Amino acid sequence: MIALWRGIDRRSQAVLALALAALVAAPLVADRYLLSVLTLIFYFAYVGQAWNLMMGLAGQLSLGHALYVGLGAYASALLWFYFGIGPWLGVFAAISIAMAAGAVVGWLGFRFGVEGVYFALLTIAAAEFTRIAFDHLDFAGGSGGLFLLYEERRLGEWWNLRGGQMLFYYLALALACGSIALAACLARSRLGFHWLAVREDEAAARALGIDVFRAKMSAVLVSSAMTAVGGVFYAFYYNNLFPAQIFDISRSIELMLAPIVGGLGTIFGPVVGAFILTPLGEALIALTAKLGIDIPGVKAVFYGLTLIAIIYFRPSGVWPWLARAIGITGRKP
Amino acid sequence: MRRLARSAVEGQTGQVRRTAMMWSIYLNVVVQGVLTGLVYGLMALGLSVIFGVVRVVNFAHGEFAVVAMYAAFLLFKTLELDPLVTMLPIAAAFFVLGFALQATVINAFIGRPEHDQFILLVGIGIVIVNGLLMIFGPDAQPANLSYGFDSFPIGTLMIDKVRVYSALAAVAIATALFGFFRYTETGTAIRACADNLTGAAVVGLDVKRLYAITFGIGLACVGTAGALMVMIADAAPALAPAFTLLSFIIVIVGGLGSMTGALIGGVLIGVSEALAGFMIEPSMKSMFSFALLIAVLVLRPRGLLGRRA
C-alpha cells in the first residue's frame, strides 16, 4: 500500500489526496439526493472494477456478471431474512457462493477451451439459467421477489447495514477506494503480469511457462468474489431483490459500461467512467422529467449511444486521454 | 365373475384410448414445435450467415427481429396487410438497413479486437430495444389476424394455420437463400470471402461491399422472421434479448456458420421448448435451452453440424 503510494508521482498524489478529502467531506455540504447519486457512482466504480480485472487485465469477456451480483445479494439477504445473520458474516457466504459459481463457469469455459464469443455466451447462459432457477425458488421469494424489512428501530445497527444514506455513502466510498487499491496491487503483482500476458497472447504466455488455466481461473475467482460483495451492498441498500431484475442481462451490461467508457484495463478507468455516466444519466432523467417526456428507456438509449460513440471514437476509453491532458502519468518519472 | 371380466376389458380399452390420446397430444405439440422452430431457424440463419462470412457476432440480432415484428404489426393494424405479404418489403428494407450499417459503422470494426465489436453491437441493441420501449411501451401487443385461431385438422391433429403459413414462408425464404449462395455469382463470391478472405481479396473481390451485402442478407432473414413471428407471438420490446439468446442457442447447437445447421437447430430448439413448455412449467422451458447451450458449448463447440470451430 505504502509502496504503491510512493510509486506514483507527486502530482498524482496531490490529485488523489484532494479527491479523497473532498469525497470524505462531501456529506457536510451535499444533500440526500447528491449523496445517493455519489453512492451509485461508487457502486458502479466498484463492480466495474471487479469486471475490469477479469476483462481489462486478463482479457476474459464476461457478459454475465449479474450472476455474481445476484448470488451475492441473495445469499446475504436470505441469511438475514431467515436467520438474522448480518451482512458482515453473510458477505463470506456470498463470496463463497459466487466464487463457486465463478469456478464452475471458469472451469467449464477454460477446461474445455471455450473462448472469445463462446465464452461470453457461456457466461450469459449461466446467468440466464440462474435467473430462471431463482424465479422458481420459492424459499427465495420466486419471481415475486425477496424483501428485507425496513425497520425504524434497527436503523442504528450500522454493523448490520441497517442505516441511512450516510452509512451506504461511506461504505460505497470505502468499497470503491478498496477496489482501486486492490486493482493497483494486482496489476503490479506477479499474477497481474500473468493476466496481462494471457490477455495479449495466450500461446506466448503458455510458451513462457505461465499456467494459463490457473491465471484465467484466478481472474474469474477474484472478479466473482469482488462482484459478490457488490451484490451484498445492493441487497441491503435497496432492500428488495427480483430475479428478473438482478440477474438480467441488462444488469451485466450496465456494470461494464463504466470501465469501457473510462478505459478498459486501466486502474482509474471504472471510477472515471462511473463519474461520467451516472451523473449524465441522472441529469438526463431530470431533464426529461422537466420537459414532461419522462418515459422509460430514455436513459438506456443514452447509455447505448454513449457506448457506441466511445467504442467508435475512443476505444481505449476516456481515462488514458484525460490522464495525459491533466499531466498525470501515474508513475514516477 | 363375468361382470368383473367385462369391466377389466373395458378398463383396458379405456387405457388404450387414453394412451392414444396422449400420443396425439404429444404429436401435436411436436408438430407445432417443428413449425415454430422453422421460423426460429430462419431468424438464426441470419445470425449464422453474418457470423460465417463477416466474422462479426450480431449481438443486436433479436432487437432487429423485434423491430421487424413492430413493422409488420403496424402495417397490419393500419393498412390491414397480411404479414405474409409485408414480409417482403420488410425484408427489402432490412437489407438496405443492414447494408448501410455494415458499410458505415461495422466495416470500421473489422480487424479490431472481438470485444470492441461486441460492445458496438451491444450498444446498438440497447438503443433499439429501449427506443422501441419509448415508442410502443412495455406491453405485449397482439396482432389478432382474422385466421389467427383457425387450424387444419389432420386426423387427430389440430395444427394452427398461422404456424403452417409462417413455417412454409420461412422454408421458402431459406430455400431461396440456399439457391442464392449456391448458384449466383455474388453468392459464390460471398462464400469465397467466408472460406478464404485473403484469397478472395487477392483475386480482386470487393470484400467490404460483399460484407455489406452479407450483413444486409442477414438482416433481411431476421426481418422476414420477425414479420412472420407476429403471426405466432405478440410483439413486445422484452422479446428482443430473448430472441438474441434464442438465435445464439440455435446457431451454436446447429454449428456457427452452417446454414442447414441453423434450420435444424431451430427445429430442435422449437420442439424441445414446446415439449418442455407442455410437460413442465412453461416459464421454465428456456432453462432447458440454456442448459443445452452450455452442454453444446462445452462438449461440442463446433455444434452438431458445424464444420470448424
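A helix here is a DSSP run of type H or I with at least four residues, and helices are numbered from the N terminus. The model on screen is predicted.

**Stop 1**

Select A:S252, which lies in helix 12 of chain A, residues 249-262. Is A:S252 buried or exposed? Its relative accessibility is 2%, so A:S252 counts as buried. Now show what surrounds this serine. Apart from neighbours within four places in sequence, A:S252 is in contact with A:L63, A:G64, A:H65 and A:A66. Look at A:A66 in particular: its backbone nitrogen is 3.1 Å from a polar atom of the A:S252 side chain.

**Stop 2: helix 8 of chain A**

Next, select residues 190-200 of chain A, which make up helix 8, and colour A:G192, A:W195 and A:V198, which are buried. These residues lie on the same side of helix 8 of chain A, because they cover an arc of only 120° around the axis. What do the buried residues of this helix pack against? Show helix 3 (32-57), helix 7 (165-188), helix 9 (202-207) and helix 10 (212-238) of chain A to see their partners.

Turn to the face directed away from the buried side of helix 8 of chain A, where the exposed residues A:R190 and A:E200 are found. Then go to the start of this helix: a side-chain oxygen of A:S189 comes to within 3.4 Å of the backbone nitrogen of A:L191.

**Stop 3: aromatic rings**

Two rings are described by the distance between their centres and the angle between their planes. Over all chains, there are 33 aromatic pairs. Start with A:Y43 and A:F44, an edge-to-face pair with centres 5.3 Å apart and planes at 65°. A:Y43 has a relative accessibility of 10% and therefore counts as buried; A:F44, at 13%, counts as buried too.

Move on to A:F302 and A:Y303, a tilted pair at 5.9 Å centre to centre, with 45° between the planes. A:F302 is partly exposed, with a relative accessible area of 22%, whereas A:Y303 is buried at 13%.

To see a cluster, select A:Y43, A:F44, A:F168, A:F233, A:Y234, A:Y237 and A:Y238, which are linked by ring pairs.

**Stop 4: charges over rings**

Select A:R111 and A:F112. The charged end of A:R111 sits over the ring of A:F112, 5.3 Å from the ring centre. Finish in chain B, where B:R112 lies over the face of B:F109, at 4.2 Å from the centre of that ring.

Methods
Residues are numbered from 1 along each chain as its sequence is written. Chains are lettered from A and ligands numbered from 1 in the order in which they are written. This is a predicted model: local features need pLDDT of at least 70, side-chain atom pairs count only at pLDDT 80 or more; totals for chains, interfaces and linings use all residues. Side-chain values use heavy atoms; hydrogens and water are left out. Rings of Phe, Tyr and Trp (its six-membered ring) pair if their centres lie within 6.5 Å; planes under 30 degrees apart count as stacked, over 60 as edge-to-face and the rest as tilted. Buried means under 20% relative accessible area, exposed over 50%, partly exposed in between (1.4 Å probe, protein chains only). A charge sits over a ring if NZ of Lys or CZ of Arg is within 6 Å of the ring centre and within 35 degrees of the ring normal. Helices (H or I, at least four residues) and strands (E, at least two) are DSSP runs, numbered from the N terminus. A polar contact is a pair of N or O atoms within 3.5 Å; within protein, one must be able to donate a hydrogen and the other to accept it, and residues adjacent in sequence count only if both atoms are side-chain atoms. Contact means heavy atoms within 4.5 Å. The arc is that of the directions from the helix axis to the C-beta atoms.
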